[in-house]
Amino acid sequence: MDFKGFDRSGRPEAGDTRSVKVMIAGGFGTGKTTMVRSVSDIKPLTTEETLTQASADVDHLIGVADKTQTTVSLDFGKISLNDTLMLYLFGTPGQERFWFLWNGLFKGALGAIVLVDTRRLASSFRAIEEMERQNVPFVIALNVFPDSEEYPVDEIRDALDIPPHTPVVAFDARDRAASRDVLVTLIRHLKDRSAAALEPR
């Protein structure tokens, strides 16, 4: 796959590897942990806990009634896109009661993937608002579930109030290649916005 300027021939010199922090955000149950697990080159760090009856009045399970675990802090993984570009992936917790953790997680992030479940668009509104508030470039990744309906990208863009320059792609978070392609889309988006953003510091 062509990275349009991010690939370099030969092995990188010492200290020449570019490390980029990427957020994997979205609403509760949109597939953030699944994506990190599927695409990470290492066994990811996850902080999932079992959902209990005590959280029934706090966590809104509409549309995700079969969900039995939830991220309570963060998910962490990493992936090398080529010899000189390493992405560190930080998955955010989705429930409102853990949103206070987001500010710390976003520090140093150059970009983000916002996962969207088209059956529950509203669940990702907060994540999109947070990207815009913190001025973090992002792409929208529509996680295709078995019972998801297909909608034209323009309809999704309008429903989410996403500007034309923000990429919107459909994928399956369980599939490593598809998840990797979403990350490549983000890197290209970052490059288009600012070639200097990924220069070694």
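**View 1. Arg176 is found in helix 5.** The model is predicted, so local features are given only at pLDDT of at least 70 and side-chain atom pairs only at pLDDT 80 or more, whereas totals for chains, interfaces and linings use all residues. Residues are numbered from 1 along each chain as its sequence is written, and side-chain values rest on heavy atoms, with hydrogens and water left out. Helices (H or I, at least four residues) and strands (E, at least two) are DSSP runs numbered from the N terminus. Arg176 is partly exposed, with a relative accessible area of 38%; buried denotes under 20%, exposed over 50% and partly exposed the range in between (1.4 Å probe, protein chains only). Arg176 touches Ser38, Val39, Ser40, Asp41 and Ile79, residues up to four places away in sequence not being counted; contact denotes heavy atoms within 4.5 Å. Although Arg176 and Ser38 are 138 residues apart in sequence, their C-alpha atoms lie 5.0 Å apart.

**View 2. Helix 1 (residues 32-39) packs with helix 5 (residues 176-193).** The angle is about 100 degrees and the axes are 8 Å apart. Axes are lines fitted to C-alpha atoms, for helices over the stretch in contact, and angles run from 0 to 180 degrees between N-to-C directions. The two helices are therefore roughly perpendicular, where angles under 35 degrees count as roughly parallel, over 145 as roughly antiparallel, 65 to 115 as roughly perpendicular and the rest as oblique. From helix 1, Met35, Ser38 and Val39 meet Arg176, Ser179, Arg180, Val182 and Leu183 of helix 5. By class, this contact has four nonpolar, two polar and two charged residues. Ala, Val, Leu, Ile, Met, Phe, Trp, Tyr, Cys and Pro count as nonpolar, Asp, Glu, Lys and Arg as charged, and the others, Gly among them, as polar. Helix 1 also lies across strands 1, 4, 5, 6 and 8, running at about 45 degrees to strand 4.

**View 3. Six strands form an open sheet in the order 4-5-1-6-7-8, with mixed pairing.** Strand 4 (75-82) and strand 8 stand at the edges, each with a single partner strand, so one side of each is left without a neighbour in the sheet. On average, neighbouring strands of this sheet are turned by 25 degrees against each other, direction ignored. Two strands pair if DSSP finds at least two bridges between them. Strand 7 and strand 8 run parallel and are joined by four bridges; Ala141 has Val169 in strand 8 as its bridge partner.

**View 4. Strand 1 (residues 18-26) is largely enclosed by the rest of the structure, because eight of its nine residues are buried.** Strand 1 pairs in the parallel sense with strand 5 (residues 85-91) over seven bridges, and the partner of Arg18 in strand 5 is Leu85. Strand 1 also runs parallel to strand 6, to which five bridges join it. There, Val22 has Gly111 of strand 6 as its bridge partner.

**View 5. Helix 4 (residues 153-160) has Ile156, Arg157 and Leu160 as buried residues.** They lie on the same side of helix 4, because they cover an arc of only 100 degrees around the axis, the arc being that of the directions from the helix axis to the C-beta atoms. The buried residues of helix 4 pack against strand 6 (111-116), helix 3 (125-134), strand 7 (138-143) and strand 8 (168-171). Asp154 and Asp158 are exposed, on the face of helix 4 turned away from its buried side. Just after helix 4, Asp161 takes a positive phi of about 60 degrees.
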